[in-house]
Amino acid sequence: MYTPNRRAFLRNSVRAAAVVGAGAGLTGMLASCGSPGAASSGSDPKAITLQSAWINDAEFMGYYIAKDEGYYQRAGIDFTYLSGGPSVIPESTLLAGRADVALTTPDTTIKAIAEQNAPFVIIGAQYQKNPLGVVSLEGNGITKPQDLVGKRLAVPDVNRLAVEAMFKINDIPVDDVRIVPYAYDPTPLLKGEVDATVDFTVNIPYTIRQAGGEPTSFLLYDVGFKIFNDTVVVTRDVLQNKRETLVAWLRASREGWQRNFADPTAFPPRYADSWFKGTGRTIDNEIYFNEHSKPLIEAGGGVFAMSEQAIADCVDSLKQLGLAATPEMFDASLIAEL
């Protein structure tokens, strides 16, 4: 039975509803938490707690290495790593003061800033190029958006707007493509029931190949929908009170990622009985994930970099989703100090 490996789509829809939805919403969260970030910024100024976006996998290799190899300790940082999961909302962890830094997605963060006046700021981007893409089989002849015309494309509900934005950017009427629901399972693609799916290109092709298929893919980023992923988010309170420590943390984390990418096959086997224990994924899968993440994380100026052009591209793409994004929601000044 297939178990979805990269689950951000469903998680993001839940998180967006929890963070910026009606009912209690972010306003209630702010009221119940008091001063956002107060607990973390009021603690040891050399302590950094990171709230991860998901359970432990190769997506977060750089932080594991920086911790285990002593990079944080050498920088004088008391580092704590919090795993994520389907019930974890990284933004709410920040607001509650349980973490100083969170890895999340720019759409949910910016929606919270624009619609709820949340005190967040994006200070870096792990994935310079978002791994979300169109995945197909070689025999289907789908290598660009125009090849989807007249075809069946399986799309998770939470990514429907992103796909429609991709079609708009490429002058393709959305009605020219037959969009059907996607349950994070490539079986319909392998059986020929759909022609392509929208999924994470750093992981799902491994599953397809293991099942006997020959995958092909292209990124939404490469065809015009240019947003970051695993953005590094803090509250403005933490930014003000822990700026020096945040810079040191970013520097040590970047060192961890650089060590990882010097040989993406080296560290995953070492973590079989520690970071990756009990995840249900093979180490070969983690190595594939790690290797294919490398060009997307290193693109555009190094780990965490956010150039003015990259920020402008992300803002423009988020506006295609109807989000009131602005460059002021990003702060690349800490990266400039690395």
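Begin by selecting strand β1, residues 47–51, which pairs with β2 in the parallel sense over five bridges; two strands pair if DSSP finds at least two bridges between them. Helices (H or I, at least four residues) and strands (E, at least two) are DSSP runs, numbered from the N terminus. This is a predicted model, in which local features need pLDDT of at least 70 and side-chain atom pairs count only at pLDDT 80 or more, while totals for chains, interfaces and linings use all residues. Residues are numbered from 1 along each chain as its sequence is written, and side-chain values use heavy atoms, with hydrogens and water left out.

Within this pair, select I48, which stands opposite F79 in β2.

Next, display the open sheet of five strands, ordered β2-β1-β3-β10-β4 with mixed pairing. At its edges are β2 (78–82) and β4 (120–127), each pairing on one side only.

Proceed to N117, in the loop between α7 and β4. Its phi is near 55 degrees, a positive value in a residue other than glycine. N117 is exposed, with a relative accessible area of 65% (buried means under 20%, exposed over 50%, partly exposed in between, with a 1.4 Å probe and protein chains only).

Finally, select F304, in the loop between α13 (283–298) and α14 (308–319). The phi of F304 is near 80 degrees, also positive in a non-glycine residue, and F304 counts as buried at 0% relative accessibility.
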